[in-house]
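Please look over the protein shown here. The report takes its overall make-up first, then a few local sites.

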Amino acid sequence: MASYILNINRKKYAVGLFWQPMGAAVGARNYARSLSRSVDKKLNLYTEYRAMIGLAARKNGARAGMLSAAAEVMESFSEYTSFLAVFSVPRGFYMVAARNGVILVDKLFESEDEARNEYVKMSEIPDWGAFFAPGAWGMPRAAERNIGDLLNGQSRAVLHTISRLGSRMFSLIVFALFVFGMAFIFRDSVVQTFAPRPQVAELNPELVAEYKKQIEEKSKELDAQFEIEKNLPPEPIVMPYELLPDMMARAKQCYQAIAFLMQPVIGWNQINVVCGEKYAIADFKRDFGTLDEFYNVATGLMPGALVNELNEDTLRVQVALPNLETFSSQDERDAETIVRDITSAFQRINEIVDIEIVVDTLTNGVDVATVNVVEVGADSKLIPQQFMEIFDDFGGVYLMQAGWNARTRSWNYEVLIYAK
């Protein structure tokens, strides 16, 4: 645990995160879940920072709500896109290295020799923008910085649970603690509320009447200002399976959107494309082309697309997806039966599948409803229309995400099935 938690200024920071560029993922949690499945399922916490996802594990001491030390250092060194830094910390040495705004190293060393050797090895890579190391090391061109001056808790890179059920449980716990804390803070007011009050007869009748008048006027003013409609029933809860698009229409939509964005641009390499719920997003990496050349070609090949420059060598192209007609659909089977049947369906075509049962909780502020959801994740060579044929015998099916990896020339899918 000591290798993954950093105590600075009486605050705990998570270190040793597994960092990965976010690619074209639309939702950070969905991308983190997919990344965790492919790397290590024990990485059950994530944080989103700039265009990166960092994964951590509870078994290493990380907790939801904990800040990332590497992201804090990046914020403090915002003037450098590339830097190599080592800091002397309690019980070890902490290294952070970034290239072109991407975190490469986020590691806590217990051994000084191991940290120094790693620093020397990394420093041989050319074109670092800045070096930082302990003064006692005598490293050339390296300045010494106190990490306590860099970690100020200002970064928004906070760890969240990957599991949606876990995050909701955490929210309920936080809410309960909040209520308890408020009760503790205002305990004197509560005691006074239930303490014996002076009788009205003992007070000035004119002051009492004026006070009641002011209260009534203030209540009327608030009612008018916020248009409070008393006794108005809450809006009914809309279950997610009541608004599902046809799964084959959705598969065709993603296939066409990905084909639209995966256009060949000379001098730029296609990396991947992800079709999310509202947008399709593609990433391109520069080879020998220029920004002007990309814009000139993309304007004709991808009209209406929005181009975002992540850095001088990486571009992200986004296009909005049209709305599809929706209808209500829910599978009649329980979640466990669906898992068994899905596993059998993938076994018949000799495809590997990752399946998980989660519980979605919905509320309108008064009522609460839950629904069992079977989450299916798989890598495949099948195009979206072919892949979704696997689910022909299931109801309540939603293709949440479809991705195309240009390097491996393979597809990645995230599918939800709403069970009884």
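What follows is a short report on a predicted model.

## Overall make-up

The model is predicted, not experimental, and local features are described only where pLDDT is at least 70. The protein contains 11 helices and 22 strands. It has 420 residues, and 41% of them are buried.

Contacts were also sorted by distance along the chain. Among those with a separation of 6 or more, 63% join residues 24 or more positions apart. The accessible surface is about 23,700 Å². Carbon and sulfur atoms hold 53% of that surface.

## The disulfide

How many disulfides does the whole structure hold? A search finds one. It joins Cys-254 to Cys-275, with an S to S distance of 2.1 Å. The angle about the S-S bond is -65°, and the link is left-handed.

Cys-254 sits in helix α8 (residues 247-261), while Cys-275 sits in strand β14 (residues 268-275), so the bond ties together parts that lie 21 residues apart in sequence. Both Cys-254 and Cys-275 are buried.

## Helix α10

Helix α10 covers residues 335-348, which is 14 residues. From first C-alpha to last, α10 reaches 20 Å, close to the 20 Å expected at 1.5 Å a residue. Its buried residues are Ala-335, Thr-337, Ile-338, Ile-342, Ala-345 and Phe-346. Seen down the axis of α10, these buried residues fall within an arc of 165°, so they line one face of the helix. That set packs against β19 (354-363), β20 (368-380), α11 (384-388) and β22 (410-418). On the other side of α10, the exposed residues are Glu-336, Arg-340, Gln-347 and Arg-348.

Both ends of α10 have a local detail. At the start, a side-chain oxygen of Asp-334 comes to within 3.2 Å of the backbone nitrogen of Glu-336. After the helix comes Asn-350, which has a positive phi near 60°.

## Ser-380 in strand β20

Strand β20, one of the elements that pack against α10, contains Ser-380. Is Ser-380 buried or exposed? Its relative accessibility is 3%, so Ser-380 counts as buried.

The side chain of Ser-380 has polar partners. One is the side chain of Glu-351, at 3.3 Å. Another is the backbone nitrogen of Leu-382, which lies 2.9 Å from a polar atom of the Ser-380 side chain. Setting aside neighbours within four places in sequence, Ser-380 is in contact with Glu-351, Phe-387, Ser-410, Trp-411 and Tyr-413.

Helix α1 runs over residues 28-39 and has 12 residues. From first C-alpha to last, α1 reaches 16 Å, close to the 16 Å expected at 1.5 Å a residue. The helix is mostly covered, with nine of its 12 residues buried. Which residues of α1 are buried? They are Ala-28, Asn-30, Tyr-31, Ala-32, Arg-33, Ser-34, Leu-35, Ser-36 and Arg-37.

Gly-27 belongs to the loop between β3 (18-21) and α1. With a relative accessible area of 21%, Gly-27 is partly exposed. Its C-alpha is 7.7 Å from that of Gly-276. Along the chain, Gly-27 and Gly-276 are 249 residues apart.

## Two arginines with positive phi

Arg-10 is not a glycine, yet its phi is positive, at about 60°. Arg-10 is in the loop between β1 (5-8) and β2 (11-14). Its relative accessible area is 89%, so Arg-10 is exposed.

Arg-50 also has a positive phi without being a glycine, at about 50°. The loop between β4 (45-49) and β5 (52-56) holds Arg-50. Is Arg-50 buried, partly exposed or exposed? At 44% relative accessibility, Arg-50 counts as partly exposed.

Technical notes:
Residues numbered from 1 in each chain as written. Predicted model: local features only at pLDDT ≥ 70, side-chain atom pairs only at ≥ 80, totals over all residues. Heavy atoms only, no water. Helix = DSSP H or I, 4+ residues; strand = E, 2+ residues; numbered from the N terminus. Buried < 20%, exposed > 50% of the residue type's maximum accessible area, 1.4 Å probe, protein only. Contact = heavy atoms within 4.5 Å. Areas by Shrake-Rupley, 256 points an atom, 1.4 Å probe, with all protein chains shown as cover. Disulfide = S-S within 2.5 Å. Expected span 1.5 Å × (residues − 1). Arc of directions from axis to C-beta. Polar contact = N/O pair within 3.5 Å; in protein donor to acceptor, adjacent residues only side chain to side chain.
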